[in-house]
Amino acid sequence: MASDKPHMNLAVIGHIDHGKSTTVGRMMFETGAVPAHIIEAYRKEAESKGKATFEFAWVMDNLKEERERGITIDIAHKRFDTPKYYFTVVDCPGHRDFVKNMITGASQADAAILVVAAPDGVMEQTKEHVFLARTLGITQIIIAINKMDAVKYDEKRFNEVKKDLSDLIKIVGYKPDETLFIPISALQGINIKTISSETPWYKGPALITALDTFKEPSKPTDKPLRLPIQDVYSISGIGTVPVGRVETGIMKKGMKVSFMPANKDGEIKSIEMHHEEIPQAVPGDNVGFNVRGIAKGDIRRGDVCGPAEQPPTVAEEFTAQVVVLQHPSAITVGYTPVFHCHTAQTACTFVELRKKLDPRTGQTKEENPTFLKTGDAAIVQIKPTKPMVIENVKELPQLGRFAVRDMGSTIAAGMCIAILPKQMIK
């Protein structure tokens with residue numbers, strides 16, 4: 001059973017047209033996740049439309065509209081296996097969708113492949129994606145220098161691009177000497193599954209082999225329990241059953257718990273996963289649990305369950321580092337969009353813009369700016385309009401990240417770096 005293997009969410013990032021979809025399609029094909037006859041059918045269709053090189057990309061972009069435009073729009077979740085892991089690929093079109101999908105829900109990536117085309121080298125979006133990957137907590141990265149066929153597998157060009165990328169990733173805190181740089185041609189299948197004679201000068205592993213060098217994401221069982229509530233059910237003969245995913249810590253039968261910001265206490269009578277009762281739940285487990293002392297109306301989606309002695313933190317105000325992804329005009333003090341953090345959606349007000357940062361370096365660019373616009377990174381002070389749970393990203397990263405949405409789109413992304421806690425009186 002493949003599910004016996006550890007699971008990793010893999011983000012594939014990089015500048016538009018650098019070959020992200022083709023790389024993913026090729027990996028899926030080489031690992032047997034997509035059968036050869038499907039690729040062949042895509043190839044014929046691609047040729048008939050005059051796009052003969054798109055067949056691997058089409059594995060991911062199987063939306064008709066995308067085929068005709070030759071670009072990736074939708075996020076496709078695809079699964080493939082290596083000897084060590086099974087991966088879910090979060091294929092990331094533009095960085096705006098990438099961030100929204102990275103922050104919300106199950107696509108919190110554990111690791112990333114950065115795809116950079118050898119002819120172009122580092123482009124604007126390459127920089128943005130590297131910075132965002134780091135901001136969003138991706139600590140492990142492999143760099144695939146793609147389209148090596150277009151530079152005739154030239155070692156000198158590979159080294160030039162590698163040097164530029166080393167300088168870039170060092171700025172945000174990745175270590176170039178601990179990062180694998182792999183010359184590939186996703187289209188030709190070069191250095192994807194096995195090392196090719198086209199690059200006799202390259203001595204490292206092929207891309208798929210390299211994925212097994214990622215370290216398994218640790219399950220933060222040593223942290224206090226945090227379980228954001230997704231739904232609450234009332235089941236006759238049992239009682240109140242909240243449902244959610246354990247993000248940190250361990251939930252055990254008999255535990256005394258607090259729900260915040262509802263400010264309600266209870267005791268865990270039983271825990272169920274996949275319709276079976278289990279004695280305890282660990283990070284990553286999606287569970288339903290029965291709580292003594294809690295009525296259905298006491299708690300709701302967005303509340304967080306934690307140990308009574310270390311309850312989830314309710315913020316009076318918090319300091320955040322944010323990146324503005326897209327805003328039609330500018331963000332100023334008083335702006336009150338909706339913050340999506342774990343399962344909570346809470347309107348929050350920007351009460352102070354402290355400093356603007358250089359998104360490439362993280363250094364302060366301007367103190368107390370009057371506004372923030374698309375592309376800006378900043379340190380800001382935020383005040384929720386009603387009680388909400390958020391944690392310091394350094395202590396509990398799973399509950400410290402958020403997306404900011406307004407007018408139906410993601411305006412900004414960020415993380416909480418300090419909290420003024422609200423005093424909750426029992």
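I started at Tyr 233, which is found in strand S7 (residues 227-235). Helices (H or I, at least four residues) and strands (E, at least two) are DSSP runs, numbered from the N terminus. The model is predicted: local features need pLDDT of at least 70, side-chain atom pairs count only at pLDDT 80 or more, and totals for chains, interfaces and linings use all residues. Residues are numbered from 1 along each chain as its sequence is written, and side-chain values use heavy atoms, with hydrogens and water left out.

**Surface patch**

I looked up the exposure of Tyr 233. At 41% relative accessibility, Tyr 233 counts as partly exposed. Buried means under 20% relative accessible area, exposed over 50%, partly exposed in between (1.4 Å probe, protein chains only). Tyr 233 forms a nonpolar patch on the surface with Ile 235 and Ile 238. Together they have about 270 Å² of accessible area. Such patches take residues with over 30% relative accessible area and no salt bridge; like charges are joined within 9 Å, nonpolar side chains (Val, Leu, Ile, Met, Phe, Trp, Tyr) within 5 Å. The areas come from the Shrake-Rupley method with a 1.4 Å probe; for residues, only the protein chains shown count as cover.

**Helix H1**

I checked H1 (residues 20-30) next. Ten of its eleven residues are buried, so H1 is largely enclosed by the rest of the structure. Among the buried ones are Lys 20, Arg 26 and Glu 30. Gly 32 follows H1, and its phi is positive, near 80°.

**Cores**

I then searched for nonpolar cores. A core is a set of buried Ala, Val, Leu, Ile, Met, Phe, Trp, Tyr and Cys residues joined through side-chain atoms within 4.5 Å. The largest has 60 residues. Met 27 and Ile 145 are among those with the most contacts inside it. A second, separate core has 23 residues, including Val 322, Phe 350, Ile 390 and Ile 411.

I listed partners of Ile 145, leaving out residues up to four places away in sequence. They include Val 116, Phe 158, Leu 165, Phe 181 and Pro 183. Contact means heavy atoms within 4.5 Å.

**Val 172**

I found Val 172 in helix H7 (residues 155-172). Val 172 is buried, with a relative accessible area of 15%. Its C-alpha atom is separated by 7.7 Å from that of Gly 362, 190 residues apart along the chain.

**Salt bridges**

I searched the whole structure and got 16 salt bridges. The criterion is a side-chain nitrogen of Lys or Arg within 4 Å of a carboxyl oxygen of Asp or Glu.

I looked at Lys 383 with Glu 316, where the closest N and O atoms are 3.0 Å apart. Lys 383 lies in strand S20 (residues 377-384) and Glu 316 in strand S16 (residues 315-324), so this pair ties together parts that are 67 residues apart in sequence. Lys 383 is partly exposed at 30%. Glu 316 is also partly exposed, at 27%.

I also noted Lys 253 with Glu 277, at 3.2 Å between the closest N and O atoms. Lys 253 sits in the loop between strand S9 (251-252) and strand S10 (256-260), and Glu 277 in strand S12 (residues 276-278), 24 residues apart. Lys 253 counts as partly exposed at 45%, whereas Glu 277 counts as exposed at 51%.

Last, I recorded a network of salt bridges that links Lys 356, Glu 366, Lys 373 and Asp 376.
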